[in-house]
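User: Could you walk me through how to read a few features of this model? I would like the general idea each time, and then the case at hand.

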Amino acid sequence: MDDTIRQLQEWLASPRRIAITTHQKPDADALGSSLALYLYLQARGHKVEVVSPTDFPDFLRWLPGVQHIHIGPSDPDRAAWIFEGADLIFCLDLNWLNRVNEFEKTVRNSEARKVMIDHHMEPEGFEDLSYSDEKASSTAELIYRLIHDLGDGSLITPEIAENIYTGMMTDTGSFRYTNTSPQVHRIAAHLMELGVDSHRAYENIYSNSSPERLRFIGHCLSNCLVVLPQYKTAYIKVDREVFRQFTIRTGDTEGLVNYALGIKDVNLGVLMTTQDDMVKLSFRSRNEVPAAEFAKEFGGGGHFYAAGGKSLLSLADTEKKFLDLLEAHKSYLQLD
């Protein structure tokens, strides 16, 4: 990291025009890390803009600084102007530029230097500079580490701390996933010492469901859940009619895949949802089952235990392909 830090110090030595972006349908880690970096770079005197390539869940609208985020599709000309006029573009919580959706070409063709800050496997290599660690719990953790590596730990305000803490909390499953290292707990403790109210963060994220969302989850568990004990696998498939029936909003499927993985003796949980002209797949696993290997079969990737992909087949054909993969890759599933 030393060369990376030296280069960043050079690029940030004088005021710059900086754009920050993240992946489509950003989660708490994507938004929390983006806003933490935004507030930090502003404190250093830079002109900073944050562009989200899509909308994001309502339960994230309490994050400090969120009112300054530009929703790209709401004003694509302004988003393009931000990217094209930047000296630096920070790409957070993504390592493939196609994850910024319609703005991929604009970001890729911008003359700005690109800095990738991410913790996913197998990066594309679009960036000019990378601050990356697959073993990090979250991109938010990397932002904390980056600020300290740049010698600016004293600039972490309670607002920056709250964004970092929220990103870490959600990407570790409230500090219970295997990516929760001792270092993660030490960072979380320090952020609380800086003023983070951990209970408030938890309540804002996890106690904000609408009655419709709870009815939607109940319907999915009663009618859309398939359990395959022979493969130690469970999956939930949701078609467009279910989305229409429950008036689903962005973020309402968040965490749904974890119900499948929460079944006793299940090592692989999957969520299949019809979205626009494709089927989105989310994979979660445990006990050394490689979720990322299944995601690769659907053109995706991510982490060993958490990954995603998509299919241009129908929901029924996607389900069939997945079932065929289970049989073909039984060795992955720890069936013995």
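User: Let us start with strand pairing. In which sense do strand β10 and strand β12 pair, and over how many bridges?

Analyst: The general idea is that strands of a sheet pair through backbone hydrogen bonds, either parallel or antiparallel. Here, strand β10 (residues 278-285) and strand β12 (residues 306-311) pair in the antiparallel sense, over 6 bridges. A word on terms: two strands pair if DSSP finds at least two bridges between them. Strands (E, at least two residues) and helices (H or I, at least four residues) are DSSP runs, numbered from the N terminus.

User: Before we go on, what kind of model is this, and how are residues numbered?

Analyst: This is a predicted model, in which local features need pLDDT of at least 70, side-chain atom pairs count only at pLDDT 80 or more, and totals for chains, interfaces and linings use all residues. Residues are numbered from 1 along each chain as its sequence is written, and side-chain values use heavy atoms, with hydrogens and water left out.

User: Thanks! Which strands make up the open sheet, and in what order?

Analyst: The sheet has 6 strands in the order β7-β8-β9-β10-β12-β11, and its pairing is mixed. At the edges stand β7 (225-228) and β11 (301-302); each has a single partner strand, so one side of each is left without a neighbour in the sheet.

User: What does the hairpin between β9 and β10 look like?

Analyst: Strand β9 (residues 268-275) pairs with β10 in the antiparallel sense over 8 bridges, and M272 stands opposite L281 in β10. The hairpin they form has 2 residues between the strands, and D276 in the turn has a positive phi of about 55°.

User: And how many residues lie between β7 and β8 in their hairpin?

Analyst: There are 4 residues between β7 and β8, and K232 in the turn has a positive phi of about 50°. The pairing of β7 with strand β8 (residues 233-238) is antiparallel and runs over 4 bridges. V226 stands opposite Y235 in β8.

User: Now for strand faces: which residues of strand β6 are on the covered face?

Analyst: In a regular strand the side chains alternate between the two faces of the sheet. For strand β6 (residues 129-132), L129 and Y131 form the covered face, while S130 and S132 form the uncovered one. Strand β5 (residues 113-118) runs parallel to β6, joined by 4 bridges, and the bridge partner of I117 in β6 is Y131.

User: Let us look at loops. Is D93 buried or exposed, and what about E288?

Analyst: The cut-offs come first: buried means under 20% relative accessible area, exposed over 50%, and partly exposed in between (1.4 Å probe, protein chains only). D93, in the loop between β4 and α4, is buried, with a relative accessible area of 2%. E288, in the loop between β10 and α12 (291-296), is exposed at 52%. Neither is a glycine, yet D93 has a positive phi of about 60° and E288 has one of about 70°.

User: Where does F103 lie, and which residues is F103 in contact with?

Analyst: F103 lies in the loop between β4 (88-92) and α4 (104-109). F103 is buried, with a relative accessible area of 3%. Contact means heavy atoms within 4.5 Å; leaving aside neighbours within four places in sequence, F103 is in contact with P53, G72, P73, P76, A79 and F83. F103 and L88 are 15 residues apart in sequence and 16 Å apart in space, C-alpha to C-alpha.

User: Finally, the whole chain: how does the radius of gyration read?

Analyst: The radius of gyration is taken over C-alpha atoms, and the globule rule is 2.2 Å times the number of residues to the power 0.38. With 336 residues, a compact globule would have a radius near 20 Å, and the chain has 20 Å, which agrees. The C-alpha atoms fill a box of roughly 60 × 40 × 40 Å along the principal axes. The chain comes to 13 helices and 12 strands, and 51% of its 336 residues are buried.
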